[in-house]
Amino acid sequence: SCDAIQLCNCSSMGLEFIPPGLTAKITVLNLAHNRIKHIQSQDLKQAVNLRALLLQSNEISSIDEDSFQSLEKLELLDLSNNSLAHLSPVWFGHLFSLQHLHLQGNSYGDLGQSSPFSRLRNLSSLHLGNPQFSVIRQGNFEGIEFLHKLWIDGSNLSQYEQGSLKSIKEINHMIINLRNSNIFSEIVRDLVHSVTWLEVVEIKLPVLKKSLVQNSTRPFRMQKLTFKGAYFTDQTISRAIVSLKEITSLKGLQAINCVLEGKGRWNTKEIARSGQSFVETITIIRAVIQNFHLFFDLEGMESQIIQLKRLTILSSNVFMVSCNLARHFSSLLYLDFHDNLLVNKRLDETICEGSWPSLQTLNLSQNSLKSLELTANSISRLPKLNNLDISQNNFGEIPDECKWPKHLKYLNLSSTQIPKVTHCIPQSLEVLDVSGNNLKEFGLQLSSLKELYLTRNQLKTLPGAAPIPNLVSLSVRRNKLNSFSKEEFESFGRMELLDASDNNFICSCEFLSFVHHEARLAQVLVGWPDKYVCDSPLAVRGAQVGAVHLSLMECHRSLVVSLICVLVFLVILLLVAVGYKYHMVWYLRMTWAWLQAKRKPKRTLPKDVCYDAFVSYSENDSEWVENTMVRELEQACPPFRLCLHKRDFVPGKWIVDNIIDSIEKSRKTLFVLSEHFVQSEWCKYELDFSHFRLFDENNDAAILILLEPIQSKAIPKRFCKLRKVMNTKTYLEWPVGEQQQQVFWENLKGALKS
């Protein structure tokens with residue numbers, strides 16, 4: 001159960017005894033909330049380096065006298081909430097280093113006849129007492145000279161021997177539960193020279209008849225007196241005010257969760273005769289006053305409040321202070337009426353002309369004020385006011401102009417339901433809080449403003465820097481902020497703190513680039529990096545902004561898409577160029593035509609043949625074909641029937657189908673070859689679609705006429721069938737002489753008849 005620094009946690013393990021085998025390595029031993037009943041001599045003998053021993057909430061009823069003898073380095077011992085019926089000085093005799101001792105919640109009725117703590121020279125805090133604790137005797141605290149904190153549960157204390165606590169020279173803070181009011185005065189008399197802050201719990205304050213400083217000489221040490229859960233009446237308060245004036249060092253009074261049975265009918269004459277009060281600070285929290293609306297206005301108490309500098313009355317149903325009384329708070333600098341029942345009409349009476357003349361700080365938060373204009377008008381009567389808190393009042397509206405104190409520096413208007421900010425906000429402000437108002441924008445010109453709090457609003461962007469040039473601290477936490485740019489950030493030249501946490505950030509590339517490259521950002525942003533989380537894109541939702549890195553595609557999507565489009569266009573352009581150079585279109589169209597032709601049934605019946613020959617020629621050779629060859633062949637005896645594209649193609653029919661049909665309806669195909677034929681676009685892209693079927697069916701059906709000399713190498717490679725035929729078959733060559741021409745025609749006619 002021990003960790004690296006030898007802190008051993010054995011709490012709540014059901015142990016009935018201290019486990020054996022403890023060594024000198026252990027520094028902290030937690031045995032709380034077990035069932036240990038007895039501590040024996042040998043249990044802790046080896047734990048010589050123990051610094052803290054926690055034994056609270058066990059069932060310890062007996063401890064051997066030398067059980068703690070070896071614990072000279074022990075600094076904290078907690079034996080609270082056990083069953084110890086007595087305390088032995090021998091237990092603590094060797095605890096020379098002990099600083100904190102907790103003994104409350106046991107069953108002892110007293111501390112014995114002498115002091116159990118006489119050897120504890122370094123003791124700093126002591127907690128003791130229980131419901132059975134009833135007697136404090138002289139000498140019980142001998143040996144203790146200084147305590148930072150002394151806590152005594154004396155809820156049933158019935159006997160206190162005068163001078164018992166005088167032996168302690170100095171106590172910073174003492175808390176005592178005391179229901180027996182008869183011994184209150186005796187304890188206070190013993191403590192006025194030693195205690196700085198005395199806190200009395202659950203007392204029903206008696207009527208103090210004797211002096212609290214009887215036979216005591218100055219100087220006194222007591223500076224602060226607190227009552228918690230106490231019960232007062234008009235009579236006891238009157239006497240207490242008079243008696244406490246005798247403690248001239250007393251500067252602060254507190255009353256927390258106290259009950260006053262009365263209506264404020266205090267003996268103001270006796271109080272006034274006793275002289276001025278030295279108290280400078282009064283704090284009243286959650287005071288319960290039956291029939292508070294019938295409470296008197298404390299007329300006659302004016303002389304007691306002249307020296308008062310700080311007054312705090314919280315959650316106590318205050319609804320007004322009379323104008324006359326308010327005018328006598330001549331030294332008051334700080335006034336806090338948080339969570340009370342002030343309304344605008346009563347506030348106008350509370351802050352009348354000449355009231356609170358020195359007031360610098362005023363807190364009226366969480367009251368029942370409804371009009372900001374009337375509130376400002378009342379407060380404008382406070383000439384020295386610097387700080388004002390009127391938050392958590394339901395104003396609902398804000399006027400265009402307001403009247404304020406001239407030197408107002410701090411204004412808290414948070415959670416007041418104002419829908420916007422107007423020139424009602426004073427120009428003199430250095431600190432402004434308008435959090436929690438659902439504001440959608442902030443564009444107010446406040447040249448002196450140094451701190452601006454806009455938490456819990458609806459802002460989508462940072463406020464402009466130009467109207468607030470001297471801003472040092474800005475809070476836009478929990479708004480609708482998506483991002484902020486480098487320009488926006490740098491526009492606040494004097495910014496030292498920016499709290500933009502708990503917003504739904506869109507982690508765009510621009511925003512992330514700014515975040516990753518702005519070195520000063522980590523020093524300025526409050527809560528960085530834990531409180532700055534991405535809301536989108538979806539892939540990084542929930543991730544810390546500073547840890548997100550988006551890909552190139554995510555950051556420059558449009559650029560990447562543009563580049564891809566350009567690349568695709570270039571590839572297509574390249575393919576077109578390559579296709580053009582290598583005649584890919586021709587091959588594709590030829591293939592398509594061939595596939596179309598393949599689907600058509602082969603001709604089988606002779607009656608389907610309409611022509612003796614289909615003539616394939618270039619348009620540039622049309623004069624020879626039409627005027628010479630056609631006349632010669634079609635006027636022969638018997639005449640030959642030739643198919644010419646100009647004359648015999650079916651109008652409106654696709655040219656490729658015309659070519660294929662014409663070839664199928666012809667016994668032979670005449671190719672009139674020339675340089676024009678080879679270079680002709682017609683021959684290249686339309687006429688030669690017939691090659692596939694023509695040469696696949698019957699190579700003998702082709703008759704080649706060479707109109708002019710042409711090398712087979714000059715024929716484009718795509719005419720592979722034609723090149724092959726020219727290399728393997730005889731072709732007719734058109735002669736120049738007339739005699740040879742007759743032989744040419746005879747040979748051609750013979751070829752057509754074969």
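Predicted model: local features only at pLDDT ≥ 70, side-chain atom pairs only at ≥ 80, totals over all residues.
The largest pocket has a volume of about 1,300 Å³, and 45 residues line it, of which W266, I284, F295, L298 and I313 lie nearest its centre. Two or more lining residues are given by each of the elements α2 (234–244), β16 (252–256), β17 (259–261), β18 (281–285), β19 (288–289) and β20 (310–314), with the largest share, four residues, coming from α2.

V566 is placed in helix α11 (residues 557–581) and is partly exposed, at a relative accessible area of 45%.

| Salt bridge | N to O distance |
|---|---|
| E349 and R346 | 3.3 Å |
| D348 and R381 | 2.8 Å |
| K486 and E490 | 2.9 Å |

D348 lies in helix α5 and R381 in the loop between α6 (372–379) and β23 (387–389), so this pair ties together parts that are 33 residues apart in sequence. D348 is partly exposed, with 34% relative accessibility, and a network of salt bridges links D348, E353 and R381. By contrast, E349 and R346 both lie in helix α5 (residues 344–350), three residues apart, about one turn of the helix, while K486 and E490 are four residues apart in helix α7 (residues 486–491), again about one turn. K486 is partly exposed at 37% relative accessible area, as is E490 at 43%.

Notes
Residues numbered from 1 in each chain as written. Heavy atoms only, no water. 1 Å grid on protein atoms, 1.4 Å probe; cavity = no way out; pocket = protein on both sides within 12 Å on 5 of 7 lines; lining within 4 Å. Points joined across faces, edges and corners; volume = space filled by probe spheres on them. Buried < 20%, exposed > 50% of the residue type's maximum accessible area, 1.4 Å probe, protein only. Salt bridge = Lys/Arg side-chain N within 4 Å of Asp/Glu carboxyl O.
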